[in-house]
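Trainee: I'd like to learn how to read a model like this one. Could you take me through it feature by feature?

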Amino acid sequence: MIVTTQTMSFSEPLRLQSGRDLGAFEIAYETYGALNDDRTNAVLVCHGLTANAHAAGKHLQEDDRPGWWDTAIGPGKALDTDRFFVVCSNAIGGCGGTTGPS
(Lines give C-alpha, C1' and ligand atoms only; values in the text may rest on other atoms or scores of the structure.)
Protein backbone atom coordinates (compact mmCIF):
# COMPACT_ATOMS: atom_id res chain seq x y z
CA MET A 1 0.00 0.00 0.00
CA ILE A 2 1.36 3.42 -0.99
CA VAL A 3 0.69 6.19 1.54
CA THR A 4 1.41 9.90 1.78
CA THR A 5 2.22 11.79 4.96
CA GLN A 6 -0.16 14.73 5.34
CA THR A 7 -0.12 17.71 7.69
CA MET A 8 -2.82 19.66 9.45
CA SER A 9 -2.14 23.23 10.53
CA PHE A 10 -3.56 24.80 13.68
CA SER A 11 -3.55 28.57 14.12
CA GLU A 12 -4.98 28.76 17.65
CA PRO A 13 -2.39 28.45 20.43
CA LEU A 14 -2.22 25.22 22.37
CA ARG A 15 -1.96 25.68 26.14
CA LEU A 16 0.78 23.41 27.48
CA GLN A 17 0.93 21.82 30.92
CA SER A 18 3.64 24.35 31.84
CA GLY A 19 1.11 27.14 31.35
CA ARG A 20 2.89 28.46 28.26
CA ASP A 21 1.27 28.54 24.84
CA LEU A 22 2.54 26.86 21.71
CA GLY A 23 1.72 29.23 18.86
CA ALA A 24 0.66 28.03 15.43
CA PHE A 25 1.72 24.40 14.93
CA GLU A 26 1.42 21.49 12.52
CA ILE A 27 0.77 17.81 13.08
CA ALA A 28 1.86 15.23 10.51
CA TYR A 29 -0.29 12.13 10.07
CA GLU A 30 -1.05 9.21 7.79
CA THR A 31 -4.34 7.37 7.24
CA TYR A 32 -5.07 3.84 6.06
CA GLY A 33 -8.42 2.46 4.89
CA ALA A 34 -11.64 4.47 4.52
CA LEU A 35 -13.89 6.21 7.02
CA ASN A 36 -17.39 4.71 6.90
CA ASP A 37 -20.55 6.76 6.44
CA ASP A 38 -21.37 6.58 10.17
CA ARG A 39 -17.80 7.65 11.03
CA THR A 40 -17.65 4.82 13.58
CA ASN A 41 -14.73 2.76 12.30
CA ALA A 42 -11.81 5.08 13.16
CA VAL A 43 -8.84 3.72 15.12
CA LEU A 44 -6.06 5.99 16.43
CA VAL A 45 -2.60 4.42 16.61
CA CYS A 46 -0.29 6.16 19.08
CA HIS A 47 3.47 5.77 19.28
CA GLY A 48 6.50 6.80 21.32
CA LEU A 49 8.45 9.95 20.58
CA THR A 50 11.07 8.03 18.64
CA ALA A 51 8.63 6.89 15.95
CA ASN A 52 6.74 8.92 13.36
CA ALA A 53 3.36 8.79 11.62
CA HIS A 54 4.57 6.27 9.04
CA ALA A 55 3.05 3.19 10.67
CA ALA A 56 2.31 1.12 7.55
CA GLY A 57 2.77 0.84 3.84
CA LYS A 58 5.41 2.56 1.75
CA HIS A 59 5.83 6.10 0.49
CA LEU A 60 7.17 4.81 -2.86
CA GLN A 61 6.88 1.35 -4.40
CA GLU A 62 10.68 1.01 -4.44
CA ASP A 63 11.07 1.75 -0.70
CA ASP A 64 13.03 -0.97 1.09
CA ARG A 65 11.35 -0.51 4.47
CA PRO A 66 7.62 -0.24 5.12
CA GLY A 67 6.11 1.58 8.11
CA TRP A 68 7.12 0.55 11.62
CA TRP A 69 3.87 -1.41 12.30
CA ASP A 70 3.28 -2.75 8.79
CA THR A 71 2.77 -6.27 10.15
CA ALA A 72 -0.35 -5.11 12.04
CA ILE A 73 -1.99 -2.55 9.70
CA GLY A 74 -3.49 -3.49 6.35
CA PRO A 75 -6.07 -5.74 4.66
CA GLY A 76 -6.62 -8.92 6.69
CA LYS A 77 -4.23 -7.84 9.46
CA ALA A 78 -5.04 -7.06 13.12
CA LEU A 79 -6.05 -3.49 12.17
CA ASP A 80 -7.86 -4.58 9.02
CA THR A 81 -8.05 -1.59 6.67
CA ASP A 82 -10.95 -3.26 4.84
CA ARG A 83 -12.92 -2.66 8.07
CA PHE A 84 -11.16 0.18 9.89
CA PHE A 85 -10.00 3.72 9.11
CA VAL A 86 -6.63 3.88 10.85
CA VAL A 87 -4.99 7.21 11.74
CA CYS A 88 -1.46 7.62 13.05
CA SER A 89 -0.18 11.08 13.94
CA ASN A 90 3.18 12.32 15.06
CA ALA A 91 3.46 13.50 18.64
CA ILE A 92 4.05 17.21 19.17
CA GLY A 93 7.76 17.65 19.70
CA GLY A 94 8.55 14.40 17.92
CA CYS A 95 10.31 13.99 14.63
CA GLY A 96 8.81 13.44 11.21
CA GLY A 97 6.97 16.60 10.24
CA THR A 98 5.15 17.72 13.38
CA THR A 99 6.16 20.98 15.05
CA GLY A 100 9.12 20.27 17.31
CA PRO A 101 11.43 22.13 19.66
CA SER A 102 13.23 24.02 16.92
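Trainee: Let me start with charges: which residue's side chain meets that of Asp70 in a salt bridge?

Mentor: A salt bridge here is a side-chain nitrogen of Lys or Arg within 4 Å of a carboxyl oxygen of Asp or Glu. Lys77 is the partner of Asp70, at 3.8 Å from N to O. Before we go on, note that this is a predicted model, where local features need pLDDT of at least 70, side-chain atom pairs count only at pLDDT 80 or more, and totals for chains, interfaces and linings use all residues. Residues are numbered from 1 along each chain as its sequence is written, and side-chain values use heavy atoms, with hydrogens and water left out.

Trainee: How many salt bridges does the count come to?

Mentor: The count is 2 salt bridges. Arg15 forms one with Asp21, and their closest N and O atoms are 2.6 Å apart.

Trainee: How exposed are these charged residues?

Mentor: We read that from relative accessible area: buried means under 20%, exposed over 50%, and partly exposed in between, with a 1.4 Å probe and protein chains only. Arg15 is exposed at 57%, while Asp21 is partly exposed at 43%. Lys77 is partly exposed too, at 31%.

Trainee: How many helices and strands does the protein chain have?

Mentor: Both are DSSP runs numbered from the N terminus: helices are H or I with at least four residues, strands are E with at least two. The protein chain has 0 helices and 6 strands. Its C-alpha trace spans about 45 × 35 × 20 Å along the principal axes.

Trainee: What share of the residues is buried?

Mentor: Of the 102 residues in the protein chain, 30% are buried. As a general idea, nonpolar side chains in soluble globular proteins tend to be buried together. A nonpolar core is a set of buried Ala, Val, Leu, Ile, Met, Phe, Trp, Tyr and Cys residues joined through side-chain atoms within 4.5 Å. The largest one here has 10 residues, among them Tyr32, Ile73, Leu79, Phe84 and Cys88.

Trainee: Which residues does Phe84 touch, beyond those up to four places away in sequence?

Mentor: Contact means heavy atoms within 4.5 Å. On that basis Phe84 touches Tyr32, Gly33, Ala34, Asn41, Val43, Ala78 and Leu79. Thr81 sits in the loop between β5 (42–45) and β6 (85–89), yet counts as buried at 11% relative accessibility. Leaving out neighbours within four places in sequence, its contacts include Tyr32, Ile73, Pro75 and Val86.

Trainee: You listed Cys88 in the core. Where is the nearest cysteine sulfur to that of Cys88?

Mentor: A disulfide is a pair of cysteine sulfur atoms within 2.5 Å, and the count here is 0 disulfides. For Cys88, the nearest cysteine sulfur is that of Cys46, 7.6 Å away. Cys88 is buried, with a relative accessible area of 0%, whereas Cys46 is exposed at 62%.

Trainee: And which residues make a nonpolar surface patch?

Mentor: Patch residues have over 30% relative accessible area and no salt bridge; like charges are joined within 9 Å, nonpolar side chains (Val, Leu, Ile, Met, Phe, Trp, Tyr) within 5 Å. Leu14, Leu16 and Ile92 make a patch of about 210 Å². Leu16 lies in the loop between β2 (14–15) and β3 (21–22) and is partly exposed at 35%.

Notes: Accessible areas come from the Shrake-Rupley method with a 1.4 Å probe; for residues, only the protein chains shown count as cover.
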